Amino acid sequence: MSMPIPSATRPHPLRRRLPLALSVATGLVTTLLVGLLLTFTPARASELREIDWVELIPADELAELEAMAESGALDIDHDGDQSAPSWGTDRTVRTMDGVQGRIPGYIVPLDTDAENRVTEFFLVPYYGACIHVPPPPPNQIIYVTPDEPIADVEIWQPYWLEGTLRIHSSENAVASASYAFELDRARRYE
């Protein structure tokens, strides 16, 4: 048999419900604040559109390239002294102009400042392009002039570039590029 609790020590019915009401209200306010913060903060890297290098190649050219790969025409004999076969063009994909997102690649420095920070570079889809092997076609090279020089660039390390892709031709002694990139951020690929 249970003993009744004296009224002086028994919690008031509103006091029992108050913690639950506060918890629900706090949860709603937190949800609203998080939603507002996400609305008014820049997109995080994981939320940026990822640009694929294949998207920079016109569809008909990509079909030709795939046929060449299937036939073995693009195979390279690294033991021989033959040069690598050339492929691709400078043609662009118009719908890629103005695309905001991120793209992975390797930095090929073109110019540096007095502190050896990179002030101008090409972004290429694979290591060694433009240095040890023939450069990729212009529509697989992106020209970048960052607003702020980039320190400690490692050419063998892939990077993510975040910003806006543009159709813009540029050429120098190393190679030609059909695209440019308005850089917001460069970070090592992880």
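1. What is the mean pLDDT of the protein, and what share of its residues reach 70 or more? The mean is 78, and 65% of the residues reach 70 or more; pLDDT is the predictor's confidence in each residue, from 0 to 100. This is a predicted model, in which local features need pLDDT of at least 70 and side-chain atom pairs count only at pLDDT 80 or more, whereas totals for chains, interfaces and linings use all residues. Residues are numbered from 1 along each chain as its sequence is written, and side-chain values use heavy atoms, with hydrogens and water left out.

2. Residues 14–41 call for caution. Over this stretch pLDDT stays under 50, and the model has one contact beyond four places in sequence for it (contact means heavy atoms within 4.5 Å). Where pLDDT is low, the predicted coordinates should not be read in detail.

3. The strands form a barrel. Five of them close in the order β1-β2-β3-β5-β4, with mixed pairing; strands are DSSP runs (E, at least two residues), numbered from the N terminus, and two strands pair if DSSP finds at least two bridges between them. Strands β2 and β3 pair in the antiparallel sense over three bridges, and Leu123 stands opposite Ile142 in β3.

4. The largest nonpolar core has 20 residues, of which Leu56, Ile103, Ile142 and Phe181 touch the most other members. Such a core is a set of buried Ala, Val, Leu, Ile, Met, Phe, Trp, Tyr and Cys residues joined through side-chain atoms within 4.5 Å; buried means under 20% relative accessible area, exposed over 50%, and partly exposed in between (1.4 Å probe, protein chains only). Each of β1, β2, β3, β4 and β5 supplies at least two residues of this core. Leaving aside neighbours within four places in sequence, the contacts of Ile142 include Trp53, Leu56, Ile103, Leu123 and Phe181.

5. Asn116, between β1 (100–112) and β2 (118–124), has a positive phi near 65° although it is not a glycine, and is exposed at 58% relative accessible area. Asp152, between β3 (142–144) and β4 (158–171), is also not a glycine and has a positive phi of about 55°; Asp152 is exposed at 61%.

Conventions
Helix = DSSP H or I, 4+ residues; strand = E, 2+ residues; numbered from the N terminus.
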